[in-house]
Amino acid sequence: MELRGFNIDAHRWDQTTFVGRFKHFLNITDWRTALLPDAKLDQAKVLVESCRAGSVPPGTTEEQLHYAKKLYDSAFHPDTGDRMNLIGRMSFQVPGGMAITGFMLQFYRTVPAVVFWQWVNQSFNALVNYTNRNAASPITPMQIGVAYATATSTALATAVGLNLYTKRAPPLVARWVPFAAVAAANCVNIPMMRQQEILNGIAVTDENGNKLGHSQKAAVKGITQVVISRVTMAAPGMIILPIVMQRLEKYRFMQRITFLHGPLQVMMVGVFLVFMVPAACSLFPQNCSMAVSKLEPELRDSIMSKYGEGVRYVYFNKGL
């Protein structure tokens, strides 16, 4: 098959629909790609860049190109092209998230356990948020530290406060405390980690990728969508699983294997995340859009003076 004119950046699935985006993210958040060595990922990058340059190695099949693009999208940042750290990749959300979430759900009864696992979770989230930021907006080490400290403090305050408050509440309510803490922390962690985008605006382009300027309103829209996606990602496992475990723990056989409750919850969270990571990432288009009429007056006037009615929408990478 002749692959000389192959467009490797064209999406295989329709990105205007949820189903199309779900298939795309199911492909690139495949946890198995997190197990591959860096050399394999670098080979995929070389093949992708060769294809972009119009030089496909002889004998390369279309399936090999699709697989190379899958590895590239899973491991390299869309803005910089740099290889992302392993723990911060979305493909690591299943193995990393299942372990941390499973233990948060298991060890929720004592304050020290709550503090430790919320701290571990927020450390993990901070790295994920930094890794998947819009890299066109740089952030200083000081700002990273403030964002991390603020989000961790929020999670701990929420978790410990609710943990003490629910001492007299039904047991199931106490099991939902970890989710409340995670949701509250996400509402702080993500905006704080990406504060530069909110303060200075995010780069916006026309449909052809031509840069038009920076917009704070676009940044707020993109970050809000990311917060919603992250909370949605965690919700089913952290809300439904406590109900399941509370019912299972009433059976005698479960009472005999209490040492397996933690590993069991880890595995069940993993089952949820295999589907919820791509589903949550798919709630909104990765390449977000905003009507020119909703931009800041200065940017809107600048675009209108240059392009008139030729540009009605601007586009930007909302991050993950």
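The legends below describe close-up views of a predicted model.

**Figure 1. Overall fold of the protein chain.**
The chain is made up of 13 helices and four strands. Its radius of gyration is 22 Å, close to the 20 Å that the globule rule gives for 320 residues, so the protein chain is as compact as a globular protein of that length. The C-alpha trace spans about 65 × 50 × 35 Å along its principal axes. Of the 320 residues in the protein chain, 48% are buried.

**Figure 2. The largest pocket.**
This pocket has a volume of about 1,100 Å³. Its lining consists of 40 residues, and H11, P78, Q286, N287 and N317 are the ones that lie nearest its centre. Two or more lining residues come from each of helix 1 (18-28), helix 3 (62-75), strand 1 (202-205) and strand 4 (313-317). Helix 3 supplies the largest share of the lining, four residues. Sorted by class, the lining of the largest pocket holds 17 polar, 13 nonpolar and ten charged residues.

**Figure 3. The second largest pocket.**
The volume of the second largest pocket is about 150 Å³. There are 15 lining residues, with I8, A10, R12, K69 and D73 lying nearest the centre of this pocket. Helix 1 and helix 3 each give at least two residues to the lining of the second largest pocket. Within that lining, the largest share is the four residues from helix 3. The lining divides into five nonpolar, five polar and five charged residues.

**Figure 4. The largest cavity.**
A search of the whole structure returns five cavities of 30 Å³ or more. The largest cavity has a volume of about 230 Å³. It is lined by 18 residues, and Q93, T101, N125, M233 and A234 lie nearest its centre. At least two lining residues are supplied by each of helix 4 (93-106), helix 5, helix 8 (177-193), helix 10 (216-248) and helix 12 (261-281). Helix 10 makes the largest contribution to this lining, five residues. By class, the lining of the largest cavity comprises ten nonpolar residues, seven polar residues and one charged residue.

**Figure 5. The second largest cavity.**
This cavity has a volume of about 70 Å³. The residues lining the second largest cavity are M104, F107, Y108, A113, V114, W117, Q118, A159, N163, V177 and P178. Helix 5, helix 6 (141-165) and helix 8 each give two or more residues to this lining. Helix 5 gives the most, with four residues. The lining of the second largest cavity has nine nonpolar and two polar residues, and no charged residues.

**Figure 6. Aromatic side chains around F103 and F107.**
Eight aromatic pairs are present in the structure. In one of them, F103 and F107 are stacked, at 5.9 Å centre to centre and with 15° between the planes. F103 has a relative accessible area of 26%, so this residue is partly exposed. F107 is also partly exposed, at a relative accessible area of 36%.

**Figure 7. W117 in helix 5.**
W117 belongs to helix 5 (residues 111-131). Its relative accessibility is 18%, and because buried means under 20%, W117 counts as buried. In sequence W117 and T17 are 100 residues apart, and their C-alpha atoms are 36 Å apart in space.

**Figure 8. Segments annotated as transmembrane.**
An unreviewed UniProt entry places the feature "transmembrane region" at residues 227-245 and 266-285. Over residues 227-245 the model is 100% helix and 0% strand, with the end C-alpha atoms 27 Å apart. Over residues 266-285 the chain is 80% helix and 0% strand, and here the end C-alpha atoms are 30 Å apart.

Technical notes:
Residues are numbered from 1 along each chain as its sequence is written. Side-chain values use heavy atoms; hydrogens and water are left out. On a 1 Å grid over the protein atoms alone, a cavity is a set of points where a 1.4 Å probe fits but cannot get out, and a pocket is an open set with protein on both sides within 12 Å along at least five of seven lines; lining residues have an atom within 4 Å of a point. Grid points are joined across faces, edges and corners, and a volume is the space filled by probe spheres set on the points. Ala, Val, Leu, Ile, Met, Phe, Trp, Tyr, Cys and Pro count as nonpolar, Asp, Glu, Lys and Arg as charged, and the others, Gly among them, as polar. Rings of Phe, Tyr and Trp (its six-membered ring) pair if their centres lie within 6.5 Å; planes under 30 degrees apart count as stacked, over 60 as edge-to-face and the rest as tilted. Buried means under 20% relative accessible area, exposed over 50%, partly exposed in between (1.4 Å probe, protein chains only). UniProt positions are given in the numbering used here, feature names are shortened, and annotations may be inferred rather than shown by experiment. The radius of gyration is taken over C-alpha atoms; the globule rule is 2.2 Å times the number of residues to the power 0.38.
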